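My plan was to look up a few places and write down what I found.

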Amino acid sequence: MEVTVVDTGDLPPGAIISFHTGTVRRHAQIKSGKAIGVTGIGTEPVRVDLMTEVGSHTFDVTAGQDVYEVPISASPSSGAEDMNLKLQIRGAPAGKEDPTDLGGSGPSRKLQTALMMRSYLDNHDVLRQMQELLQDMVVSQPEDPIDYMIKRLEMVCKDSAGADYDLIEGEVAGTVEPAGAPKKPAPADSDSDDGADDGPDEPPPPPVQRKQRQSVSAEAYGAFNERKAYVPKVIEKDEAQTARLQEVLQACWMFKHHTPENMKIILDAMQEKRVEAGTRLIQEGDEGEVMWVIEDGELDCIKRIQGEEQVVKKCSRGDVFGELALLYNCKRAASVLASRACILWELDRETFNAICYEAAQKAPPEYEGFSAPSEAAAASSAAAAAAPAVAAPAVATPAVAAPAAAEEKPADDSDASDDGGDVEEPEAPVKKPVRPPGRRTGVSAEASKGDADDWEPPVYGKTPEERASLSNIIKSSRDSKIHMLFGTVNQDTFEKILDAMFIKKIAKGENVIQQGDEGDYFYIVKKGDFDIYVKKGDDPPKKVFQCGPGFAFGEMALLYTCPRSATITAQDDSEVWSLDRTAFRNLVVRSSEAQFKESCKFLNSCDIFATLTQDQICSLAEVLEEEEFDDDEAIVEQGEKDDKMFILRNGQAVACIAGEKGEIEVKQYSKGEYFGEIALLSGQPRKASVYAVGKATCFYITRPTFKRILGPLQSFLETNMDKYAKYQDAMKDAAGENLDEDARENEDEDTHNAAKQEKKPKVVRKREKKQEDLHIEKKVVSEAGSEAPPETLADKVAQDFKNPALVTPSDQHVVDEAQMMMFGGVVPGQKFTMDKHIHCRSKFEKQQKGDDDYYVWQGTTKLKQATEISVLCQKGQKSASDPTPNQDNFFIQHVGPITMYGVCDGHGPFGHLVSFRLVQTIPYFLTKSEHFGKNWEEALKESFAKAQEDLEEFCKLHSINIEASGAAGSCLVLEEQTVHIAFIGDARIMLGSWNRRDSRMIFCTKDHKPELPEEKARLEAEGSEVREVDEGSWRIYLKGSNFPGLTMSRAFGDTACAGISRVPEYHKFLMQPTDEWYAIVASDGIWEFIEGEECCNMTAKKLRLKGTRETVEFITSASRKRWAHVCGDYCDDITAVLVQWNSKAAEGGNHSVTVKQFQPPSS
């Protein structure tokens, strides 16, 4: 049936008319000559309402009559005049229709539900109910959120029959078309007007084709709730404010992928807000209209749990909060309280909806820290993803050769209800809607083909040699991703992975992966080298990485169902091992899921976790780290400071407390028991040592993770902290918390690893004391200049301290743009093991961590997690009468995205002055080089050369003789993902991996000794003499003289002998953004009796479990004990800078430095 408005009278354009025939209602905009499809007319009286609240009219439909006069009497309250309409009704049936027959559950029911929803906006408390619905949906996480909402709303709206629909968007309820136009035939499976269906005849225009579903946060806009065009806001800011805001937004995930135009709108719209400590910015349950980004300060996120407010998260610089209320149009889910004074940037809902929300939906993923493809590439890959699935290649038998790498297309995950047509949906399993490209889903997010339980892994034939080679590549690869993916699989799964991989040959110049393409294979390089290129926008592709044998790539597209984010090209004819998507997900991903379930099962069996919910158990299983320990290996050590609690997963352990009578066993642990909670809760030093009994495996959790995940357990653990009280007799004999340095040293490697040392004797080389250390010849001083020299070296050192130019930092070498400048100073009267005096120029406040100075800052970095640095620089003991201060020194500088670390190991009577000058000039000349950030090898060579020139001029000016005084020097630079190393002499740099599955030494520098052929040839060509003074010990002299007896062929200073070089040896290493690497930059005090490989073996695990501070103290203590063992009372100065990348320990920034400051001896 059709109702045509023949005459609209004096109604305003766009007025809404409503037809009511009992339980059936229709609403549409009035337009003369337009036909409105309506069912149910002719069975009951028709009431016509004007939605402008003018009035209404009721009339009966008479058989044979098709034109009706409809006088609308205005209500007295409306103030409007009476109006007359003329309607024409065609096709009214003679018999009654059953208006209760609603037909099937096709699209018409969905539209009816939408009408019911809209009617409640004015007559019921719909907004509150919608908020509850969205919150329930987020908690339930149904597979099909649209169907979930429809069913819930149908349940809510069942009682709404007979309610007046007073406000409906025009043209939603009925199709409007020209009068007399031929009707389009209805599909066979669609709802027709021949029944009593109360839905529309056709889907509402526009649009016919629906776009990708919007988030649940999308607001409803209609004729009476029209979305207005966004007008950008501009809040005035000065240049400093803008610069600060830009810096903090660059570190915030929500603003990483905006266009420059959008970023300008966001910058203009944000308003600075400063709040004092104790200010409550958000109250749980309130409405929310703004969100904030934190520039500085710290805030507590508080939830009311079981009637009490509990801190569930801490927010700091770069975090956002308040966005959930804007995303989901719901009330505030938690309260937020400033725990200290904060600087915030506020963004309003209107700008968020107009700019941030849509950009967040389109934010591209990243490939291991490299930028993802452009939107065009992503769009093309999305289109490819929607293509019909291609059959997977048949499984090869062992006799079949490796197949060509046929690219699979993933199954179509699009939702059939999104086609926009008003046709009944076929019966089919409901598929999970595809997420828009943005924040990555978990590794288990994709339901891939072949995930069925009856899936059989493919088997590709291999020779025993090929199989062994592939197994060795996986197990010994230097690519940390391989260890992350395969390191936890059991042996049976590992063998299936070997079976499922096949060789693919790649020709020179061929792209094995193309940026923007869909990914179906994971690769491990067997032979050849590959270049990785990333294209950003309209810029040409940029080479960002180079990989060779053992390197893996392609896992991201398989893990996260995203397009390839880089192009990888073969440099020459190459071979790769390939694993297809289905096998990858079933073997690798499912193995991780199985391990996760096993971890949850174990945690559920532990009594300590009995009070946790299953959600908390799962959250805990996701963040727990695992570590294995050998028999008698120390899991925790008495007196150490760290923040981890351990849970014994397998094996046994014992706790011992050390005292004057040795260690006393006080407790035994078995599977499922925990220890270390005192250090975790209070930060106090360990009360006891815990050793593994046989092989043992432990889970462990850090303090920040504990507070975030296991807050409810804190009170339980605190009640058990006094359990050591019954061991008072043992603790009375123990040194307890106040162990002095000597007692603590007795508890490190030599005590706890005695059994290991018996099995493998320690090979040490006899210390050959440097001539300049043992015999300070007065003639060296006498040649310092024409002035009368002091009588002794001690007098000269004391005289130098009266010259401020020699012992105070130089203002001339300050790097203004540096965020952090730290180096050691010189002070007189230092004794054995005293710490270096520290100079620090930083834009950040110094904090205290116990006795240590602590600095933390947010710096630009490509790494995924924080960089943690710890420094120890301590005085040695060369002789009872040695008057020289600590001759070692170090520097740390952070400039933009570049961090520099260096150590200078001074020698000779004035080595302390040489090293003090160098730690200021080397980084200064490096940052001022024209090659800085462009050609690092040239920049480092230039800085070393200029530092030597400056040193010679400076010492000449202040009458310092450096003929036999100088310093070895080493410098490590991290620029984004590249590590640059330059060094001269014996101040070594060790680069290693601390990853549990990949602990190894990557590189260690080698000393520049005069007996090396190339070094000896250069020295002798310049006129110096190289002699072997003892077996294996060579020194450099003036020809025919016993002076000066230098031990290194490359060094700063040391001007007596020609041929001493200041040209550094250079190396560079490219690491991935997630690589868990570390570096130790140290003086010869560390390296004299510990080689690089041994150092890595001693420190990697310690670093993983104890952190940088405990590790640097451990390696320093171990070195000092070896000096004592070999050289008695003689010990060189010791300096170590330990840098841990991708650490999880930093709070309040992504860089931190811990250093021990010089404490003057008490009088």
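These entries cover a sheet, a loop residue and a strand residue.

**Entry 1: the sheet.** I kept in mind that this is a predicted model. I started with an open sheet of four strands. Reading across, I noted the order β10-β17-β12-β15. The pairing is antiparallel. Which strands are at the edges? I found β10 (271-275) and β15 (320-321) there, each pairing on one side only. I recalled that strands of a sheet pair through backbone hydrogen bonds, either parallel or antiparallel.

Next I looked at one pair in detail. Strand β12 covers residues 290-296 and pairs with β15 over two bridges, in the antiparallel sense. I checked what W292 faces, and F321 in β15 stands opposite.

**Entry 2: E930.** I moved on to a loop. E930 lies between α26 (911-928) and α27 (936-957). Is E930 buried or exposed? Its relative accessible area is 58%, over the 50% cut-off, so I logged E930 as exposed. I also looked up E942, 12 residues away along the chain from E930. Their C-alpha atoms are separated by 9.4 Å.

**Entry 3: S689.** I ended in strand β31, residues 689-702, which holds S689. I logged S689 as buried because its relative accessibility is 0%, and buried means under 20%. What does the side chain of S689 reach? I found the backbone nitrogen of Q638, at 2.8 Å. I then set aside neighbours within four places in sequence and listed the contacts of S689. They are V636, E637, Q638, V654, A655, C656 and E663.

How values were computed. Residues numbered from 1 in each chain as written. Predicted model: local features only at pLDDT ≥ 70, side-chain atom pairs only at ≥ 80, totals over all residues. Heavy atoms only, no water. Pairing = 2+ DSSP bridges. Buried < 20%, exposed > 50% of the residue type's maximum accessible area, 1.4 Å probe, protein only. Polar contact = N/O pair within 3.5 Å; in protein donor to acceptor, adjacent residues only side chain to side chain. Contact = heavy atoms within 4.5 Å.
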